[in-house]
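Subject: Structure handover

Hello,

Here is the structure I said I would pass on. Please open it before reading the notes.

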Amino acid sequence: MNFPLALTGLFWLGAILLSLGLARRAALWRQGRAAQVAWSGLFAIPKRYFVDLHHVVARDPFIARAHVAVAGGAVAVLALAAANYGLMLYLPALDVLMLLAAGLMFAGAMLVRSRRKSPPARLSKGAWNRLPRSLTLFAIGAGLAALLAISGDALGSAARLLALLALAGLTLGGAELALGIGLGGPMKHAVAGLLHLAFHPRQERFSGNKRSTDLKPLDLDSNEFGVEKPADFAWNRLLSFDACVQCGKCEAACPAYAAGQPLNPKKLIQDMVTGLASGDGQGYAGNPHPGQALRGGDAQQPILGGLLAEDTLWACTTCRACVQECPMLIEHVDTVVSLRRHVTLTRGTVPNKGAEALANLRDTDTVGGYPLAARYHWAVDLNVPVLLPGEHADWLLLAGEGAFDMRYQRALRALVQVLKAANLKVAVLGEAEPDCGDLARRLGDEATFQQLAGKMMSTLRHYSFDHIVTPDPHLFHCLANEYPALGGNYRIQHHSQLIAELLAKQQIPLRADAETSTITYHDPCYLGRYNGEIDAPRQVFKGIGIKVVEMERSGMKSRCCGWGGGASFTDIPGERRIPDMRMDDIRATGASQVAVACPNCTAMLEGVVGERAEVVELAELVAARLAKA
Amino acid sequence: MSIQNLKVAVLLAPATHPVSGRPCAAAADSAALALALKLVPSPQHLLVLYAGDADDAALGPYLAQGVSCINVLPTLAGAEISRVLARQLQDVDLVLCGRRAGGGQGSAMLPYLLAEELEAPLLPDALQLQVGNGQVEVEQYLPKGQRRQLAAALPAVVSVHERASAPLPYAHARLLQGQIRHLSPVSLQPGVVHLEPASRRARPLVAASRASGHERMLGAIATDGAKAGGVVVKQGDPVEKAQVLLTYLRDHHLVDF
């Protein structure tokens, strides 16, 4: 038998199987709803792969190198095989290149193999454990094939045996790739992952420096109520679930999982895969949702109750640690909120205090059911003008829900003191200020969010001001990133950003004799991961002579305090409380004080019992160092 | 009469929110709705009535709580609402309403006036409700945790206590699907409304015991040698102590996990 011809046959057989498999999987994706994506995204794959995706993968240099070698080698082998054998060129020069590529791939496969020897707990086992073997077989097969082609007749009778070995290696290893997409094996990720980069549901992630963290509005008037069954997802969302490589980086970063609450973000995505393929879910070989059994699902059946327990859904703090870590750029938080929206909008069964908080928002425009007139009681002796229509203020201070919390009122008073010391013209809205709707939106109550956002925007329209400043990162995120989709555009700054600017301009008179001290700083998720702002608070601390000892999880890798996404209202039981874990992180630094920059983080960390660091707000630290007027 | 063709009506009226003053669902009316929804196979089987002139939007919370259609009876100035409602309730077996008005023009007299008008028995302050063999059985709320069983032959009027049910879940989709149907005005002789000042004065609260708080706490826990209801846990680590508390709370059905 002619060996090169056999390779040609094998190549085309693989190509046909891969195409059939892709068609089979694509039929599953197309169960989903229509999506607005351009086919031109296909041309953007290389840039998105080498820049955006690699940027995330490179945070783990070992696996990044292994993946470059193994995937780069495999793609080179396949490209060369396509040209040389697929198109039947049979050029010896290409065989030499193929030998080099196979060598590269073999080296990569060895690295992958060594990672699998004692894998971290976050990695899935099962079919994924077979992958290094398949990759090694394919690399050896390709190498032997190239060697045979180069050596010609020099090998004599051994050639027949080597040819058989090469074909066996290529068939067994190649089957992993050719059949992976069709049968849902591990190598599915290569095809689905690349297509996911092309048809990503958040195309804006790849353009410019702007982060894409806003939830997308629902068109409630045309009865869009979120996602009930897997087929309710847009088709490119279903595709995105198939891109998952089960590396478990999300699992390792998830605060709810660490606290033993019944949520594992990796398993959540795999649940969606089980649902879209209508499987029994028993093939999953990673860590489960803590305390939950493996369940099956169907693309046309409701996800909750069948595939997913309700508690899993409500344990999420929407902190985006999973999205931040995901090398395949999967959007876990969008998935959670889509499911929550359906529950909240069609059944209203938000657990524990969640439903009560939503009722308060509907009835009183505050989360706690407070009278709006009480929002600025804390400022009664501070001479902060309440802005009236027709007047003008340079800075409008929106205090948010923290204004009703007696602990946080101290921070708000400190903030006003600082802004006044800097001679800024600050005013507040008084009882005209409604809630921004953040909590309602994270709990899936899009109707209440849109009502509150409409109310906030129509209120702000009546007043004249240059900028908005708020100490609440949730309010900041809503106004800065989510209101634009509803038609509201504001110049808004978080108070840490404003104070950092003022310090840089030396506009805040500081005491000369202020003592230097050491603190640690807890980054709020909605300031850090949602808005990329991790520098301004640190500049403030530097500006007032405070040294920050960083926690292991800080900056963009900061761990949530446990409030986000309404998790402190839905209050799903776990083995530990998330703020307790965060306080352990703080204890590990040895700092006696922890600085916060968010009313909700303040409340959560202040709620930790026992010996702990003192919780101080950023504005309080600055106010304590103001020069005496 | 089998439970299938039982005709159940619920009377709902918007309440005024105590903090914001906005219209909202009344707790007692919602509880009546919750009990009624348990009696019928689907919300379509309920006859839901509101007599008054509130905006449709004020009735929205009830639609979101699961009413499929609210029938609004416009009332003429001064017309007695109980008579307007009674005309619509002639062939209904069971009428449920909240025991107390949620603000506005309600007087909490409606259940009594309506029962008189319909010549049907009234079972006030219901917490639970069962229907069978042509009669309705009710567990009645009394203060200080006391309960009383009442029964009456159908047709009957039941006024429901606000603690009969946890707040019904609010779903925006149901608000959009629900209907509000305006019935034609009923021509009735206007009744006469007597307004008179309330005469009862508030009684000052008398403390049940003159003992100090500390003394009462000592009485509630078992001090050494004394016989009292509680237990003092001194041994063990915090987890074991917490376990004792948890067991206590579970025994008294104060937590359910």
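This is a predicted model: local features need pLDDT of at least 70, side-chain atom pairs count only at pLDDT 80 or more; totals for chains, interfaces and linings use all residues.

Please read every value below as computed from it.

**Chain B against chain A**

The area buried between the two chains is about 1300 Å². Carbon and sulfur atoms give 58% of that area. Chain B brings twelve residues to the contact, and chain A brings 18.

Asp365(A) pairs with Arg22(B) in a salt bridge, and the closest N and O atoms are 2.6 Å apart. So Arg22(B) and Asp365(A) fall inside the 4 Å cut-off for a salt bridge.

On the chain B side, helix H5 (residues 172-177) gives the largest share, with four residues. By class, the side of chain B that touches chain A has seven nonpolar, three polar and two charged residues.

**A helix pair in chain A**

Helix H2 (residues 45-57) of chain A packs against helix H3 (residues 61-86) of chain A. The angle is about 140 degrees, and the axes are 10 Å apart. Why is H2(A) called oblique to H3(A)? Because the angle is about 140 degrees, and roughly antiparallel would need an angle over 145.

H2(A) makes the contact with Tyr49(A), His54(A) and Val57(A). H3(A) answers with Ala64(A), His67(A), Val68(A) and Ala71(A). That contact has five nonpolar and two polar residues, and no charged ones.

**Two backbone details**

Most residues other than glycine have a negative phi, and most peptide bonds are trans. Two places in the model are worth a look on that account.

Is the peptide bond between Leu154(B) and Pro155(B) cis or trans? The bond is cis, with omega about -5 degrees. Pro155(B) sits in the loop between strand S9 (147-153) and strand S10 (156-160) of chain B.

The other place is Ser278(A). Ser278(A) is not a glycine, yet its phi is positive, at about 50 degrees. Ser278(A) lies in the loop between helix H11 (265-276) and helix H12 (310-314) of chain A.

Best wishes

Key: Residues are numbered from 1 along each chain as its sequence is written. Chains are lettered from A and ligands numbered from 1 in the order in which they are written. Side-chain values use heavy atoms; hydrogens and water are left out. Axes are lines fitted to C-alpha atoms, for helices over the stretch in contact, and angles run from 0 to 180 degrees between N-to-C directions. Helices (H or I, at least four residues) and strands (E, at least two) are DSSP runs, numbered from the N terminus. Angles under 35 degrees count as roughly parallel, over 145 as roughly antiparallel, 65 to 115 as roughly perpendicular and the rest as oblique. Contact means heavy atoms within 4.5 Å. Ala, Val, Leu, Ile, Met, Phe, Trp, Tyr, Cys and Pro count as nonpolar, Asp, Glu, Lys and Arg as charged, and the others, Gly among them, as polar. Buried area is the accessible area (1.4 Å probe) that two parts lose on being put together, summed over both. A salt bridge is a side-chain nitrogen of Lys or Arg within 4 Å of a carboxyl oxygen of Asp or Glu.
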